[in-house]
Amino acid sequence: MTEFITKNKNIIVKCDCFDAGLSLDCGQAFRWKMNEKGQWHGVAFGIPLTLSQSGNEITFYDTEPEAFEKIWKPYFDLDRDYAAICKRLEADEYMKQAVGEFPGIRILKQEPWEALCSFIISQNNNIPRIKGIIDRLCVSLGNDLGGGDYSFPDAETVASAGIEALAPIRAGFRAKYITDAANKIASGEIDIDKILNSDLESGRDELIKIKGVGEKVAQCTLLYGFGKVDAFPVDVWVRRIMAEMYPEGLPECTNGVRGIAQQYLFHWRRNR
């Protein structure tokens, strides 16, 4: 059950199965930081946000109701019943352990272009360096929002700037892939809306037309950027999980929500 309360300029969400820290800092998004007050601060869809959590109450500070409905409710997947999903996944022995320890992880529905670009940058990389490259990209080509915040530059801006403009972000070999993705998105060769309304296989086939985008980056983009919760990214940890626990494939209880199941399993196995 999720309850929304407006108090002064803040919106308070009472919600089960929601751990803000786990969701924002588990490797699916790269623009959130904890401040000196223990609050989380970041930018999504060009809007800065600060939030904090106490128990099952999450406070969204200085948030307009319209922005909350349009951006933050879908971003944090607040209309999905994660408690029901966790209960369903408990039919499997390993999934029961994973959701029992980390029931608060939610899939963030990010802006598709940002997710695509972020996971191109994530290839053969570690999280601190990914965050650094993305921060430099936003400062270099994004809009200054004030207070030290910058928007994520859109594909058109990155395409117009060209690969030379990416030198300061120190992305290495990934720069040519970022540029190719930006050019294909900006020109309409890769249609975001088409992918949004397509099935998983068709969306994947579109994304891998981009140089440097393989199966993993495509699946991550579909899951974290398009909200396709049955997408199933496989990295070294998930490959290990599949070999050790599910050599015959994921259990039936994960059908339709394999991406959510994967996130629970990934975090649980990595922290065992």
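Q: Which helices do the buried residues of helix 13 pack against?
A: In this predicted model, helix 13 is mostly covered, with 11 of its 13 residues buried. Among the buried ones are G259, Y264, F266 and W268. These buried residues pack against helix 1 (20–24), helix 3 (82–89), helix 4 (93–101), helix 11 (215–226) and helix 12 (236–245).

Q: How far apart are the end C-alpha atoms of helix 13, and what span should its 13 residues have?
A: Helix 13 covers residues 258–270.

Q: Which residues are the closest to the centre of the largest pocket?
A: The largest pocket holds about 460 Å³ of space. Of the 24 residues that line this pocket, the closest to its centre are G27, S122, K216, D235 and F266.

Q: Which helices each supply at least two residues of the lining of the largest pocket?
A: The lining of the largest pocket divides into 13 nonpolar, eight polar and three charged residues. The helices that each supply at least two residues of this lining are helix 6, helix 11, helix 12 and helix 13.

Q: Is K131 buried or exposed?
A: K131 is found in helix 6, which runs over residues 127–141. Its relative accessible area is 17%. A residue under 20% counts as buried, so K131 is buried.

Q: With which side chain does the side chain of K131 make a polar contact?
A: Leaving out residues up to four places away in sequence, K131 touches D25, F30 and W32. The polar contact of the K131 side chain, at 3.1 Å, is with the side chain of D25.

Q: Which elements give two or more residues to the lining of the second largest pocket?
A: About 220 Å³ of space lies in the second largest pocket. Its lining includes H41, G42, V43, D135, C138, D149 and Y150. By class, the lining has four nonpolar, three polar and four charged residues. The elements that give two or more residues are strand 4 (40–44), helix 6 and strand 8 (149–150).

Q: How much space lies in the largest cavity?
A: A search of the whole structure finds one cavity of 30 Å³ or more. Residues that line the largest cavity include F30, R31, W32, Y75 and E114. The lining divides into seven nonpolar, one polar and three charged residues. The space in the largest cavity is about 60 Å³.

Conventions
Residues are numbered from 1 along each chain as its sequence is written. This is a predicted model: local features need pLDDT of at least 70, side-chain atom pairs count only at pLDDT 80 or more; totals for chains, interfaces and linings use all residues. Side-chain values use heavy atoms; hydrogens and water are left out. On a 1 Å grid over the protein atoms alone, a cavity is a set of points where a 1.4 Å probe fits but cannot get out, and a pocket is an open set with protein on both sides within 12 Å along at least five of seven lines; lining residues have an atom within 4 Å of a point. Grid points are joined across faces, edges and corners, and a volume is the space filled by probe spheres set on the points. Ala, Val, Leu, Ile, Met, Phe, Trp, Tyr, Cys and Pro count as nonpolar, Asp, Glu, Lys and Arg as charged, and the others, Gly among them, as polar. Helices (H or I, at least four residues) and strands (E, at least two) are DSSP runs, numbered from the N terminus. The expected span of a helix is 1.5 Å times one less than its number of residues. Buried means under 20% relative accessible area, exposed over 50%, partly exposed in between (1.4 Å probe, protein chains only). Contact means heavy atoms within 4.5 Å. A polar contact is a pair of N or O atoms within 3.5 Å; within protein, one must be able to donate a hydrogen and the other to accept it, and residues adjacent in sequence count only if both atoms are side-chain atoms.
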